[in-house]
Amino acid sequence: MQGEHGIKVAEGQCGLCAHFGEHRPDDVSLQQIRAQRSVPVDYKEECGHPTHARLHLLVTATSGCDGFTPVPG
């Protein structure tokens, strides 16, 4: 679903997962995605989940997997 600032991100999707961009926790773009729960259509980030890390997967914020871990706080 598209919102005012892009695509809406829901609980359980990569954009709200602690592993989404976890190597860059202070990145302003990630903070905005999580606060607004909205992401630009073409935004991708590396998945740092231990199962996937060696693959260096780039995923969209609306992707998801069974390894979802909510961002603390």
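Predicted model: local features only at pLDDT ≥ 70, side-chain atom pairs only at ≥ 80, totals over all residues.
Q: With which other residue does the side chain of Arg24 form a salt bridge?
A: The side chain of Arg24 also meets that of Glu45, at 2.7 Å from N to O. This pair links distant parts of the chain, 21 residues apart: Arg24 lies in the loop between strand 2 and helix 1, and Glu45 lies in strand 4, residues 44-46. Glu45 is buried, with a relative accessible area of 6%. Together, Arg24, Asp27 and Glu45 are linked in a network of salt bridges.

Q: How many salt bridges does a search of the whole structure find?
A: The search finds three. One of them joins Glu11 to Arg37, with the closest N and O atoms 3.5 Å apart. This pair, too, links distant parts of the chain, its residues being 26 apart: Glu11 is in the loop between strand 2 (6-8) and helix 1, while Arg37 is in the loop between helix 1 and strand 3 (38-39). Arg37 counts as partly exposed, at 38% relative accessibility.

Q: What can be said about the overall dimensions of the protein chain?
A: Along the principal axes, its C-alpha atoms fill a box of roughly 35 × 20 × 20 Å. A compact globule with 73 residues would have a radius of gyration near 11 Å, and the protein chain has 11 Å, which agrees. Among contacts with a separation of 6 or more, 59% are between residues 24 or more positions apart. Buried residues make up 32% of the 73 residues.

Q: How does one read a nonpolar core, and which residues make up the largest one?
A: In soluble globular proteins, nonpolar side chains tend to be buried together. Here the largest nonpolar core has twelve residues: Ile7, Val9, Cys14, Leu16, Phe20, Leu30, Ile33, Val39, Tyr43, Cys47, Val59 and Ala61. Beyond its neighbours within four places in sequence, Cys47 is in contact with His19, His52, Ala53, Leu57 and Val59.

Q: How many disulfides does a search of the whole structure find?
A: A disulfide is a covalent bond between the sulfur atoms of two cysteines. The search finds zero. For Cys14, the nearest cysteine sulfur is that of Cys65, 5.9 Å away. For Cys65, the nearest is that of Cys47, at 5.8 Å. Cys14 counts as buried at 11% relative accessibility, whereas Cys65, at 36%, counts as partly exposed.

Q: Is His19 buried or exposed?
A: His19 is buried, with a relative accessible area of 12%. His19 is found in the loop between strand 2 and helix 1, and a polar contact of 3.2 Å joins its side chain to that of Glu22. Apart from residues up to four places away in sequence, His19 touches Glu46, Cys47, Gly48, His49, Pro50, Gly67 and Thr69.

Q: Which residues are in contact with Gly21, leaving aside its neighbours within four places in sequence?
A: They are Leu30, Glu45 and Glu46. Gly21 belongs to the loop between strand 2 and helix 1 and is buried, with a relative accessible area of 1%. The C-alpha atoms of Gly21 and Thr69 are separated by 12 Å, and these residues are 48 apart along the chain.

Note on methods. Residues numbered from 1 in each chain as written. Heavy atoms only, no water. Core = buried A, V, L, I, M, F, W, Y, C linked by side-chain atoms within 4.5 Å. Buried < 20%, exposed > 50% of the residue type's maximum accessible area, 1.4 Å probe, protein only. Contact = heavy atoms within 4.5 Å. Salt bridge = Lys/Arg side-chain N within 4 Å of Asp/Glu carboxyl O. Helix = DSSP H or I, 4+ residues; strand = E, 2+ residues; numbered from the N terminus. Polar contact = N/O pair within 3.5 Å; in protein donor to acceptor, adjacent residues only side chain to side chain. Disulfide = S-S within 2.5 Å. Rg over C-alpha atoms; globule rule 2.2 N^0.38 Å.
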